[in-house]
Amino acid sequence: MINDTMYARGAESSVIREIFTYANERKAQIGAENVFDFSLGNPSVPAPDEVRQSIERSLKLPPEQVHGYTPAPGAPEVRTAVAESLNRRFGTNYTMADVFMTVGAAASVSCTLGAVTCPGDEVIVIAPYFPEYRVWIETAGAVCIEVLADQETFQVDPEAVAAAITDRTAAVIIDSPNNPTGAVYTRENLEKLVDALERANTEREARLGHPQPIVLISDEPYREITYGAEVPWVPSLYEHTVVCYSYSKSLSLPGERVGWVLVPQVSEGARRVMTAVAGTARSLGFVCAPSLFQRVVMDCVDVPSDVAAYARNRDLLTQALSQMGYTYVEPGGAFYLWVRALEPDAEAFCERARAYELLPVPSNSFGVEGWVRVGYCVAPEVIERSLPAWKRLAEDYGL
Ligand code: PLP
């Protein structure tokens, strides 16, 4: 017997990965320098040297300290290092009890969803959204409810979120700096969202006779990848926040699978959420985050991200595309440019772009029509070489 749902998920794979596979086939046919693959969010900046130094130091330790299992929530000294780093940055008082080490942000979000939803509950995502959210929400047995972002600014639309809340709403997922739009949610915008959630919590408590607060899941793998914008610390705005983080983008370690969930232990309810996060990680068979890379996190917790290369790519691409007549959302963070497709059907536009070996991702996979995501976490030469192709594509559409 085969589980049909899981079979379908394995068979369909993700659009982003399909494009990436096509790009590699095409590179083998016509040469890597002639294909402009903007599909994947794989950091182009190498991991900082402190990562290599940390690994070299660790490899001199007794093997069981480096390669053995750690406790399920992570090594105590690593969780303490993460908590203390957050305290230095955000003036908080976290301890290791607030931190659960995970196998990257994917596991952080999946474990949080498993912890805070019951079958049939609803989870609100802000469209356009990271496509794996739907998979993880449905795996938890919950229902994915799409709420459009403000279509001018791509900030959260708090009134639209308020209108989508029902008695089954268990959580809202936000992702800032945002994949796919590059928007960074402002403090004012987040405060309005928090107002909407608190209003809903109060009304719900009056109706149900007991509190049942909506959890705000702040998925933040791009927190460090910004171009000057403030990224507010969400738990300081809303008590029922769970932060999901990873070092995939900030330290360029996506293949090493390490991150954390932070549940500030401010109430009995929060303590129960943390226990349920541990229960979900156990149920999914994660066992513990990779031991060697937990040690790297401990050593590199305050190493800054190198965003200069992404900033240069962003400037190069945006200046050239705007001169050609493309319109896009000015990215405040992450390494994606959200460009308006030159026809309403983003998939048809991507098909036409393919004739010029340009490989962006159509917006349909992110839950909206009419846009494409251009991942500029690539070597600058890829952007430079791609510019004549973008120009010819624009001319094709009469720009
Ligand atoms: N959340 C968002 C918004 C992402 O863009 C990604 C990866 O690209 C993830 C989560 C998963 O990150 P990780 O590789 O750390 O599991």
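Predicted model: local features only at pLDDT ≥ 70, side-chain atom pairs only at ≥ 80, totals over all residues.
I will start with the largest pocket. Its volume is about 960 Å³. Where does the largest pocket lie relative to domain 1 and domain 2? Domain 1 covers 4–48 and 306–396, and domain 2 covers 49–300; both give residues to the lining, so the pocket lies between them. The lining of the largest pocket has 38 residues. Nearest its centre are Ala-106, Phe-130, Glu-132, Trp-136 and Arg-257. Please keep Arg-257 in mind, as I will return to it.

Three helices each supply at least two residues of that lining: H2 at 15–30, H6 at 104–116 and H7 at 132–139. Which of the elements gives the most to the lining of the largest pocket? That is H6, with 6 residues. Sorted by class, the lining of the largest pocket comes to 19 nonpolar, 11 polar and 8 charged residues.

Next is the second largest pocket, with a volume of about 600 Å³. The residues lining the second largest pocket number 27. Val-116, Pro-213, Val-215, Gly-269 and Val-273 are the ones nearest its centre. Two or more lining residues come from each of H6, strand E5 at 169–175, strand E7 at 241–246 and helix H10 at 268–283. In the second largest pocket, though, H10 gives the most, with 5 residues. The classes there are 14 nonpolar, 7 polar and 6 charged.

Now the ligand. How many residues surround the ligand? There are 14, and the closest are Asp-219, Tyr-222, Ser-246, Ser-248 and Arg-257. For Tyr-222, an N or O atom of the side chain is 2.8 Å from an oxygen atom of the ligand. For Lys-249, a polar side-chain atom is 2.9 Å from a ligand oxygen atom. For Ala-105, the atom concerned is a backbone N or O, and it lies 2.9 Å from an oxygen atom of the ligand.

Back to Arg-257, as promised. Arg-257 is among the residues nearest the centre of the largest pocket, and it is also listed among the closest to the ligand. Its place is the loop between E7 and strand E8, the latter at 259–262. Although Arg-257 is not a glycine, its phi is positive, at about 60°. Is Arg-257 buried, exposed, or partly exposed, and what is its relative accessible area? Arg-257 is partly exposed, with a value of 29%.

Phe-154 also has a positive phi without being a glycine, near 65°. Phe-154 sits in the loop that runs between strand E4, at 143–148, and helix H8, at 158–164. Its relative accessibility is 2%, and because buried means under 20%, Phe-154 counts as buried.

There are two cis peptide bonds to mention. One goes from Ala-127 to Pro-128, with omega near 5°. Pro-128 is in the loop between strand E3, at 122–127, and H7. The other goes from Asn-179 to Pro-180, with omega near 25°. Pro-180 lies in the loop between E5 and helix H9, at 187–208, and Asn-179 is in the loop between E5 and H9 too.

Asn-179 has a further detail. What is the length of the polar contact between the side chains of Asn-179 and Arg-373? The contact is 2.7 Å. Asn-179 is buried, with 3% relative accessible area.

Arg-57 is partly exposed, at 46% relative accessible area. Its side chain makes a polar contact of 3.2 Å with the side chain of Asp-299. How far apart in space are Arg-57 and Arg-295, C-alpha to C-alpha? They are 9.8 Å apart, while in sequence 238 residues separate them.

To close, the point to take away is the position of the largest pocket between domain 1 and domain 2, with Arg-257 among the residues nearest its centre.

Technical notes:
Residues numbered from 1 in each chain as written. Heavy atoms only, no water. 1 Å grid on protein atoms, 1.4 Å probe; cavity = no way out; pocket = protein on both sides within 12 Å on 5 of 7 lines; lining within 4 Å. Points joined across faces, edges and corners; volume = space filled by probe spheres on them. Helix = DSSP H or I, 4+ residues; strand = E, 2+ residues; numbered from the N terminus. Nonpolar A, V, L, I, M, F, W, Y, C, P; charged D, E, K, R; others polar. Domains from an automatic or database assignment. Buried < 20%, exposed > 50% of the residue type's maximum accessible area, 1.4 Å probe, protein only. Near = heavy atom within 4 Å. Polar contact = N/O pair within 3.5 Å; in protein donor to acceptor, adjacent residues only side chain to side chain.
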